[in-house]
Amino acid sequence: MPLQKIGRNIQQIAEAIAEAIDVHVTVVDRDLVRVAGTGPYEQLVKEFIPRNSAYAKVLETKETILIENPGKDAHCTGCAVKDECRETFEICTPIIWQDEVIGVMGIFAFNEEQKKIMVAKKKHHLRFLQKMSELIASKYGEAVLFEELIVKNKELSTVIQHVNQGVLCVERSGRINHINALALQLLGLNLKEEQVIGLNLHQFWPSALILKALKKGREYFNREEHYVRSNYRRELITTVRLIKKGDRDTVAVATLSDIEEMHKSSFRAREKSGNFTFDHIISRSPKMQDVIKRAKVVAGSDSTVLIVGESGTGKELFARAIHNASSRADYPFVGINCSAIPEALLESELFGYEPGAFTGASKNGKLGKFELAHKGTLFLDEIGDMPLFLQAKLLRVLQERQVLKLGGTVPKDIDVRIIAATNKNLEELIREKMFREDLYYRLNVIPLEIPPLRERPEDIPALIAHFLEYYNQKFGKNVRGFSYKAMEFIMSYSWPGNVRELENIVEYGINFAEGDTIHFSEIQRRFKASAEGNERISLKNRVREFERQTIAGYLDRYGWDEEGRNKVAKLLGISRSSLYRKLSQ
């Protein structure tokens with residue numbers, strides 16, 4: 001900071017010195033610019049003095065210089081104005097702050113009478129001048145610290161304004177000293193910060209925890225409190241700290257967090273959809289490529305999407321990819337499986353509830369999935385299993401774009417994109433009076449049907465390669481793939497569990513593989529377990545599965561080569577072409 005910033009203070013000190021000891025005074029800064037002056041030097045303030053003068057030497061040496069014959073003294077050698085010098089006596093002393101010379105102070109005599117007085121009181125003047133230079137240095141230090149304090153206050157104010165909590169500072173009397181923008185928002189005050197500072201908190205929030213803290217002289221940490229005004233209510237988590245201000249006075253600082261937003265943030269972190277995109281969907285088949293192409297187009301709109309497909313085909317992955325490719329990608333993707341939650345709980349999960357809405361309800365209430373997904377995407381998986389009474393309420397929410405919590409009286413506006421999914425035939429459910437026709441048409445705006453794995457065998461090798469890489473890395477193994485025999489069976493299998501079942505087979509095979517190849521014998525039992533455990537396989541598929549297992553069993557016994565196949569065809573009483581056709585299927 002330049003010395004000129006406190007030039008007015010220095011001028012006052014210079015004038016006081018001149019008055020006290022009847023001399024003339026001047027002060028220059030480290031750039032040899034005159035900052036203050038009395039007598040003949042008063043008119044020369046803000047002008048430069050000669051570079052080779054005694055002042056320059058004091059700046060260089062940090063030592064006081066006494067000149068008894070100005071213009072002729074050795075210290076004046078090189079001074080550009082030494083021949084014109086009018087001074088008869090001079091003392092120059094450095095002004096030092098934090099071991100650095102920030103300027104020079106000089107006192108002068110301009111006639112012999114003044115000179116005699118200064119010579120006689122030389123020691124006194126030297127001590128006095130030293131004290132005055134220390135005074136100026138202290139004033140300079142105060143100015144520097146004050147300027148730093150202003151900068152730090154601005155930095156602190158900026159930080160406080162940008163923290164994700166409301167900040168409120170209150171004096172013991174209740175007077176507000178500071179409040180940031182988020183606190184204004186949480187308290188529903190449509191005012192600027194400067195309009196609120198100076199107001200008394202008792203006027204509009206007499207029950208505030210921060211006032212209680214000041215009254216009782218104790219701090220509070222993460223305490224729940226309610227802020228209520230006419231037609232306005234907020235549930236807050238508050239922490240209050242007390243700060244001593246002098247010997248007796250105390251101020252309190254409170255941080256305020258909105259409970260609802262905390263719940264939302266927590267849920268968003270837990271339900272984060274990650275970076276899953278369409279590029280992560282592994283597919284080589286034309287059928288699947290067409291679905292992906294249509295889904296990419298759909299992502300650019302805000303229309304409701306109904307994804308239809310068998311279990312394990314990747315309906316949720318498509319929903320996440322659509323969300324992450326949409327304009328809502330920065331907001332939450334919230335999913336709920338309508339078949340996995342009991343009917344009694346599904347309503348509160350979807351729509352939330354107010355505090356004390358029913359026996360056993362949380363005293364804080366609960367946010368529903370619709371509110372948590374605000375501005376984002378709500379994925380309703382297995383929508384075909386939703387109870388009829390909830391279908392009616394869901395339809396009303398979709399029509400009105402408002403949600404009413406259980407036990408609530410005031411509906412809340414929501415902005416949510418709906419993506420629904422089902423593995424059931426909803427049109428058949430409508431005929432059976434198990435699904436509302438009006439809800440079906442509300443959901444079926446953009447239908448996407450994901451083909452089962454058996455209809456896209458081209459995808460199987462790529463999916464296997466992906467799962468092999470993943471589970472090899474996970475288990476620390478180096479399995480290269482399946483044997484020819486195992487691969488033949490895999491390519492002919494109907495995959496009732498689709499991609500999910502294929503992934504399970506790969507994981508199972510890597511676990512039990514004895515070498516770097518997974519053999520059919522190592523996964524055969526797993527296929528049998530899958531077939532036995534799947535109750536949804538049709539009679540036609542069961543017959544096919546029996547045929548496959550019978551043929552595979554004979555081929556395992558007699559060999560999969562040409563000779564073995566001929567023998568198996570003869571034993572089974574079918575032609576070789578029939579055997580090859582069944583293998584290709």
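Colleague: What covers the buried residues of α16?

Modeller: The cover includes β18 (481-482), α17 (484-492), α18 (498-512) and β19 (517-518). Buried means under 20% relative accessible area, with over 50% being exposed and in between partly exposed (1.4 Å probe, protein chains only). This is a predicted model, where local features need pLDDT of at least 70 and side-chain atom pairs count only at pLDDT 80 or more, while totals for chains, interfaces and linings use all residues. Residues are numbered from 1 along each chain as its sequence is written, and side-chain values use heavy atoms, leaving out hydrogens and water.

Colleague: OK, which residues are buried in α16?

Modeller: Ile460, Ala462, Leu463, Ile464, Phe467, Leu468, Tyr471 and Asn472.

Colleague: And which residues of α17 does α16 meet?

Modeller: Ile460, Pro461 and Ile464 in α16 meet Met487, Ile490 and Met491 in α17; contact means heavy atoms within 4.5 Å.

Colleague: What comes just after α16?

Modeller: Gly476, with a positive phi of about 70°.

Colleague: Switching topic: where is Cys92?

Modeller: In strand β4, residues 89-97. Helices (H or I, at least four residues) and strands (E, at least two) are DSSP runs, numbered from the N terminus.

Colleague: Is Cys92 buried or exposed?

Modeller: Cys92 counts as buried because its relative accessibility is 0%.

Colleague: What does Cys92 touch?

Modeller: Leaving aside residues up to four places away in sequence, Cys92 touches Tyr55, Val58, Glu63, Thr64, Ile65, Val104, Met105 and Gly106. Val58 is 34 residues from Cys92 in sequence, and their C-alpha atoms are 7.2 Å apart in space.
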